[in-house]
Amino acid sequence: MARQIVTGAPSKGNEQCSHNRALHKLYTRQVASPKRYFRDHEDRDEVKRRAEEDFLNLYLEHGGTQRFKTLKCLFHDDGSPSASIYRGRFHCFGCGISLDVFEFIQRVRGEDFKGALAFLAARYGVQLTSGSLTDAERRDYARRRAVAEQEAREIVAWKESMLAALCDARDAYFHAYHRALRYILRHGLDAPMGNLAAEVVDLYEPHYQDMDGRIKVVSRAKFNEMLPFFRSQRAA
Ligand SMILES: [Zn+2]
């Protein structure tokens, strides 16, 4: 009889306290700000795309000089040109500066981000949509937010019920395993039910250990990882 009796209490997922915080994070990222939600910076992206294509001209118009492929750095006393524009960034190997096109314009024109954006938007004729939300947008946002909050409550309940079911199954296996083991220890394998008890022990031990593993996986799962599964389950 080389078996060990497990005396610890059956495990209950005890990592649930961080759920609500994680969930809050997940949903605030999606629906925190109506402006961020509706105005997804398409205009800003368009300005950036155009400015990146135009980066060399912007550089030359703001005091830059080009020698073959290398550029004179505007941000340190650059005797031998040591800068370049590459993949949308101005890099200097002399002073180590590295700027995206917005940052570059801010630096060379002495503007803040808004000023640089306005300058570039005007240059490319891009309309910036920075106005306030329409009533329709406001209503749509409120509706989406309510849906997201409802889903948040549902996914918390879903996870908890899944954990509860796993814990119940785990406890059932665990107790059956222990009852059989106690029987063998008390009465020996030669007792009338000895063989049956030994089979129960062999059968249920891997089951409750398997459940322990699942409980761990589910209780540690992050909500953003569970969300696609949760939605597919609900849709089914
Ligand atoms: Zn430099």
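What percentage of the 236 residues in the protein do buried residues make up? In this predicted model, where local features need pLDDT of at least 70, side-chain atom pairs count only at pLDDT 80 or more, and totals for chains, interfaces and linings use all residues, buried residues make up 15%. Residues are numbered from 1 along each chain as its sequence is written. A residue is called buried if 20 or more other C-beta atoms, placed from the backbone, lie within 10 Å of its own, exposed if 12 or fewer do, and partly exposed in between.

The protein contains 9 helices and 5 strands, which are DSSP runs numbered from the N terminus (helices are H or I with at least four residues, strands are E with at least two). From the N terminus on, these elements follow the order α-α-α-α-β-β-β-β-β-α-α-α-α-α. Among contacts (pairs of residues whose C-beta atoms, placed from the backbone, lie within 7 Å) between residues at least 6 apart in sequence, 56% join residues at least 24 apart.

When neighbours within four places in sequence are left aside, Ala51 is in contact with Leu58, Val101 and Leu120.

Tyr86 has Arg89 in S4 as its bridge partner. In a regular strand the side chains alternate between the two faces of the sheet. Most residues other than glycine have a negative phi. Arg87 is exposed, because 7 other C-beta atoms lie within 10 Å. Phe68, in the loop between strand S1 (66-67) and strand S2 (70-71), likewise has a positive phi, near 50 degrees, and is exposed, with 6 other C-beta atoms within 10 Å.

Helix H8 (residues 194-220) has 27 residues and should span 39 Å at 1.5 Å a residue, which agrees with the 39 Å between its end C-alpha atoms; the expected span is 1.5 Å times one less than the number of residues. A kink of about 25 degrees lies at Tyr204, shortly before the proline Pro206, the bend being the angle between axes fitted to the seven residues ending at a residue and the seven starting there. The buried residues of H8 are Ala197, Tyr204, Tyr208, Met211, Ile215 and Ser219, and what covers them includes helix H7 (135-187).

Ile155, placed in helix H7, is buried, because 21 other C-beta atoms lie within 10 Å. Not counting residues up to four places away in sequence, Ile155 touches Phe223, Met226, Leu227 and Phe230. The C-alpha atoms of Ile155 and Arg231 are separated by 9.0 Å, although these residues are 76 residues apart along the chain.

Terms used. Two residues are in contact if their C-beta atoms, placed from the backbone, lie within 7 Å. Two strands pair if DSSP finds at least two bridges between them.
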